[in-house]
Every structure is written in structure tokens, then in C-alpha cells.
Amino acid sequence: MAAGTESLAAPDKLQSLGEHAAACPHCRLAETRTQVVFGSGSPIAQLMFVGEAPGFHEDQQGVPFVGAAGKLLERLLGEIGLARADVYIANVLKCRPPGNRDPQPDEIEACQPWLFQQIELIRPRVIATLGNFSTKLLTGNPAGITRVHGVAQDVVVGSTRVVLFPIYHPAAALYTPALLRVLEEDFRKLVPLLGGSEVPVMPPASVPPPAAAPEQPAGTAQLGLF
Ligand code: URA
């Protein structure tokens with residue numbers, strides 16, 4: 001926790017943590033990033049999403065999930081009656097890996113304290129991990145997303161007990177459209193975990209397919225999504 005913030009309320013502490021993170025020097029990505037992408041959304045959210053790492057557009061704008069994967073995330077949220085402002089969105093890495101390569105183990109380790117402090121301050125009821133990197137980090141288990149998606153787990157992050165709910169990364173459905181149905185189904189399972197009643201299944205014909213456009217310029221796609 002940043003020094004001198006002990007007496008602040010949690011949302012103010014989160015704001016202060018973000019200001020602190022903006023100058024983070026703790027790994028090599030500090031040399032190539034445009035800016036730190038700390039996180040965005042409600043500091044008192046019941047539902048938090050944790051993705052992988054900022055891509056090109058996030059690095060430019062300083063906000064997570066603003067590219068094609070973010071548009072799909074917003075659409076999936078809308079289908080369960082939520083908007084971006086209702087949830088908190090962050091990533092395992094706060095800085096863009098060059099060319100959108102996979103996060104390296106030492107980068108994940110260096111960045112982990114920011115994410116864990118975000119979770120401790122927000123204290124969400126449910127954390128939806130998007131893809132392999134956040135799922136493996138927060139479950140502490142090497143089982144990949146294909147095996148564990150769509151099933152809730154109880155985990156303790158620092159001193160915070162949360163329901164962790166692994167979901168495919170939205171970018172995976174942009175590359176493999178058949179995964180869209182799986183993502184939609186897993187998103188619907190979030191509703192009862194948040195204390196709401198089940199969302200009715202929409203007939204497939206009423207759901208337009210996602211834009212097939214890649215998130216990034218050719219050759220810079222984020223890998224490791226499955
Ligand atoms: N993919 C991620 O994992 N995070 C982002 O912020 C954008 C794309």
C-alpha cells in the first residue's frame with residue numbers, strides 16, 4: 001500500500017495505488033510501454049474481470065479492453081444486463097508486452113503485487129479470469145482454461161476470499177468463432193453467482209456474430225488464449 005494512504009477509504013486508496021503504479025519501474029516493460037494500464041471501472045464492483053495484458057489500443061489509451069476484444073466483452077456484459085461502469089476491469093500485466101507477445105514469468109511476478117492490492121481494495125464477490133494467464137495466476141494451478149472454464153472455484157487472494165470464475169478470453173472467440181457460444185453460456189452463469197436470477201438463453205439467430213477483425217495489426221496477435 002502506498003505510504004500515507006492508511007486513513008483513506010478503499011476507493012481513494014485504489015486511486016492512489018493507480019497513481020503510484022503509473023511510474024512503475026519494476027520490469028523491462030517500463031522501457032517500451034506508452035503508459036501503464038492500471039484498470040478501470042467501479043472501485044466497489046461486485047464483479048471484477050482480469051485479462052492478460054494491454055494490447056496496442058490499451059497502451060495508447062491507458063484503459064483496458066478498448067480494442068476488438070473489449071467491444072466483445074462489453075457486448076457480453078450487456079447480454080447479462082451489465083455495463084462497463086458496473087464492473088472493474090484489470091489485467092495480469094499493467095504494461096503492454098512488445099508485439100503483444102505472451103507475458104513472461106518474471107514480468108508476471110513483478111506485476112502481481114498491483115493486481116493483488118487491487119483485489120484487496122475492491123473486494124469483489126466474483127472475479128472472472130479471462131484466459132489462461134489470469135486463471136493460472138489466481139487459482140495457483142497450472143490447469144488451462146479449456147479444462148476449467150465455466151466452473152466456479154473458491155479462492156483466497158491475499159486476505160480476500162472470492163469466487164473465481166474462469167472464462168475464455170474474448171479474443172479467443174474472435175479467432176475461433178465457435179467459442180462465442182461457450183463464452184455466452186459462461187457469462188450467463190455469472191448472474192446467479194452475483195445473486196441474480198438466471199438469464200434466459202437467446203435463440204442463436206438473434207445474436208449477430210462478432211466482427212472477425214483481429215484485435216491488432218497483423219503479426220501482433222496475443223497468443224496463449226486457449
Ligand atoms: N487483452 C487483454 O487481455 N487485456 C486488454 O486490456 C486488452 C486485450
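A salt bridge here is a side-chain nitrogen of Lys or Arg within 4 Å of a carboxyl oxygen of Asp or Glu. I am working from a predicted model.

**Entry: helix α8.** I looked up E184 and found a salt bridge to R181, with the closest N and O atoms 2.8 Å apart. That distance meets the cut-off because the limit is 4 Å. The two residues sit 3 residues apart in helix α8 (residues 179-193), so about one helical turn separates E184 and R181. Residues three or four places apart in an α-helix point the same way, because there are 3.6 residues a turn. I noted E184 as buried, at 5% relative accessible area, and R181 as partly exposed, at 39%.

I then looked up K189, which forms a salt bridge with D186 at 3.6 Å between the closest N and O atoms. K189 and D186 also both lie in α8, 3 residues apart. K189 is partly exposed at 34%, whereas D186 is buried at 2%.

**Entry: E107 and R28.** I searched the whole structure and got 9 salt bridges. One of them joins the side chains of E107 and R28, at 2.5 Å from N to O. This pair links distant parts of the chain, 79 residues apart: E107 is in helix α4, and R28 is in the loop between α1 and β1 (40-41). E107 is buried, with a relative accessible area of 0%; R28 is partly exposed at 39%. I traced a salt-bridge network that links R28, R101, D106 and E107.

**Entry: helix α1.** I checked α1 (residues 10-21): its 12 residues reach 16 Å from first C-alpha to last, close to the expected 16 Å. Its buried residues, among them L14, L17 and A21, pack against β3 (88-91) and α4 (105-122).

Notes
Residues are numbered from 1 along each chain as its sequence is written. This is a predicted model: local features need pLDDT of at least 70, side-chain atom pairs count only at pLDDT 80 or more; totals for chains, interfaces and linings use all residues. Side-chain values use heavy atoms; hydrogens and water are left out. Helices (H or I, at least four residues) and strands (E, at least two) are DSSP runs, numbered from the N terminus. The expected span of a helix is 1.5 Å times one less than its number of residues. Buried means under 20% relative accessible area, exposed over 50%, partly exposed in between (1.4 Å probe, protein chains only). Contact means heavy atoms within 4.5 Å.
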